[in-house]
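Please keep the sequence and the coordinates in view while reading.

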Amino acid sequence: MKVTIDNITLDVEPGTTIMQAARMIGPEVAPPAMCYYEPLQGSGGKCRACLVKVTAGSEKDPRPMPKLVPACITAVQDGMIVENTVNEAVLETRKGIVEFLLLNHPLDCPVCDQAGECHLQDFSFEHGVSSTRTVEERNTFEPVDLGENIKLNMNRCILCYRCVYTADQITDGRVHGVMNRGDHAEISTYIEKAIDNDFSGNVIDVCPVGALTDKTYRFKSRVWFSKPMDAHCSCDKCSGNVTLWYRGDEVIRVTGRKNQWGELKEFICNTCRFDRKKTSDWVIEGPTEVSRHSVISANKYGANMIRPAFPIAQAARDFKQIDDNRDRSFLENKSILPAKK
Amino acid sequence: MKILTQHIDVPGIETIDVFMKNGGYKAVEKAIKTMTPDEVTEEVKKSGLRGRGGAGFPMGMKWSFLAKPEGVPRYLVCNADESEPGTFKDHYLMMKSPHTLIEGMIVSSFALGANTSYIYVRGELMYVINILEKAIQEAYDKGLLGKNILGSGYDLDLFVQPGGGAYICGEETALLESLEGKRGNPRNKPPFPAVKGLWQCPTVVNNVESIAATSWIVNNGGDAYAAIGVGRSTGTKLISASGHIKKPGVYEIPLGITVEEFIYSDEYCGGIRDGHKLKAVVAGGSSVPILSADNILTTDAGEKRLMTYESLSEGGFATGTMLGSGGFIVMDETTCIVHNTLTFARFYHHESCGQCSPCREGTGWMDKVIKRIETGKGRSEDIDLLVDVAKKIEGNTICPLGDAAAWPVAAAIRHFRDEFEWHITHPEEATKPGAVYMRPGASWSN
């Protein structure tokens, strides 16, 4: 089947969704996903972050679809033409979605463990506007413990339902779900029951925001100060393939390995996640590959040696001479400025 | 012309004996003994009957979309989760004449080949559920339900399911989720219920009034039904009239009478209550756009507006509205539109299921902003903010609840912007009890 996304045409298998097809092309055209999680069946369609415009339904019926459609659950048709980043209406809607998601979000990134690997941060940075229009009081909830290792901070939750699907699909005896409705809906274990099974920790990894965090790691560090390493162990419950997060010589956190889209490649068990916190428990494979654009790669692997040419060029272009007596020596340093033509 | 409410005032019509004396259950006999399921569907198609729940989708067409794979059961579900503010027609019909619905259910289930059917009633109407249960038992006793109905070999079991009291469960896929015993969240579409509905089997979900009308269509033929009404709006419609009129209540009207006649004639609403005049009308339940008096009585083209699907929606969203579920709310000039909009916004805020973000956050946001305006704390930019929020919710949600929440707010601002502005510029006057904005030159009474 042929599908065209943002003027790039590719061949895909029948049954592929627009999201999957766009991801085959690359991150430049892939719509953002806040609730969709490929390993979890039935996820998607809720956050509306991935709404795209279909300007031609298919070869047979080339009429445009009347509404924007969620890319993550809409299957491609032969000859479909999709507009994502090139469509004004899509980008405008996405600004609205960012605004909606942040409406009741506390924006407590400075004290949030997820900061730096938070999908909502990325989403609002890439698609949002810099100011807010709301003066309303935010809805608040009290943070609760889900068992001894997981902390639930409902204020940050965007109700993507990923953790509910995770609990449903990979663990036995789900005890948590969504209670209440509307903007008062909350993830909850019925009357604060502990989540108690071997794979419950995965809800931390699937959470796109800092609503579910690891209590063994809470407030210990920032992700960009820690150094991820791929490692494995022989575990009788899971594959044992994990990422270890080091600060100095200390393993401060263990997570599953994630792919380019922030999705877990394999779910790991609670023993690996919460209890194996010594280097001697693991066989180190080497540094985890981290995108150069990620904040996690900052100050590591020589990434700080790379001169980010674009922002500096832009800063130089936008620079306006101000008549003041501050020290401007850093801008007159010829070595970091692009040569003048 | 009365179809559904013809015998509704006969004493004892809720019992099967009186109902049958008045011609009840003849359609069941006719359909099951003399017709094939396809012939029944054909008659319904010919009748042009449109879904009475709000969307107005042709019912015969909906039935023909039903997938019919071998060996998979099919279901008919009656949507009696009527919770739209301003709409109370199904409640009235089921309470007064439960057998009208049950007869329609049997005929419709026969046409669709369903052997199990459900009536999903909102949980607040427990006494109606008891009436229905009793009526169903009577039908079982007469051999009109159960195994081998009237010796024809057709089996049908009919169940009543109380809902938990959520507006969202009136959305068909949320209703099916709720019926399956899950949280009532609307499903992503496609697949549509006609392909994968209740327990992943093909399912048709229809409104009480639509189903009840099918027995008359079987008795009298689709053409006779299509003869009533105007254009593509055929048959009769139950209208729940409420608000500042002399005679509030449920009226069965032939589609095609003028709005003016409906409001002012003694047969129907009887006019606006004494000494007052019409200010605004919500024509089809709280989720349709509100219209000012001029716009509801005449269309843009200067013609008299009719009570039909087409005429009410003439002018699009600029000057038109929708027939919706027929919740006709009339307001006189003592009504504060801002307060009214706040009531609607609060309702949708309360009833949003919280599944998709535009509706979950947007309804709450609109509610809070209108609340601020109403309490005299509005800012001048709030009106445009509301319009923009409504625009960003509309069309971007999983189910139509987002649209339903956005339209009343957007329409109230479109037609009564000066009233919102007055609330913002004159907070002290506006927050006095009973304060209502008067347009320059307007007066309190005729």
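A residue is called buried if 20 or more other C-beta atoms lie within 10 Å of its own, exposed if 12 or fewer do, and partly exposed in between, with C-beta atoms placed from the backbone. The model is predicted, so local features are reported only at pLDDT of at least 70 and side-chain atom pairs only at pLDDT 80 or more, whereas totals for chains, interfaces and linings use all residues. Residues are numbered from 1 along each chain as its sequence is written, and chains are lettered from A, with ligands numbered from 1, in the order in which they are written.

Most residues other than glycine have a negative phi, and most peptide bonds are trans. Several places in this model depart from that pattern. Asn180(A) has a positive phi near 60 degrees although it is not glycine. This residue sits in the loop between β8 (176-179) and β9 (186-189) of chain A; strands (E, at least two residues) and helices (H or I, at least four) are DSSP runs numbered from the N terminus. Asn180(A) counts as exposed because 10 other C-beta atoms lie within 10 Å.

In chain B, Tyr25(B) likewise has a positive phi, about 65 degrees, without being a glycine. Tyr25(B) belongs to the loop between α1 (16-21) and α2 (26-34) of chain B. Tyr25(B) is classed as buried because it has 20 other C-beta atoms within 10 Å.

Cis peptide bonds also occur in chain B. One joins Lys189(B) and Pro190(B), with omega about -10 degrees. The bond from Pro190(B) to Pro191(B) is cis as well, with omega near 0 degrees. Pro190(B) lies in the loop between α8 (172-179) and β4 (203-207) of chain B, and Pro191(B) is placed in the loop between α8 and β4 too.

Chain A is divided into domain 1 (2-94), domain 2 (104-130 + 140-214) and domain 3 (223-287), with bounds that come from an automatic or database domain assignment. The C-alpha centres of domain 1 and domain 3 of chain A are 33 Å apart.

How many residues does each chain bring to the contact? Chain B gives 23 residues and chain A gives 25, two residues being in contact if their C-beta atoms, placed from the backbone, lie within 7 Å. On the side of chain B that touches chain A, α15 (337-351), α16 (357-374) and α17 (382-393) of chain B each supply at least two residues. The largest share of that side, 9 residues, comes from α16(B).
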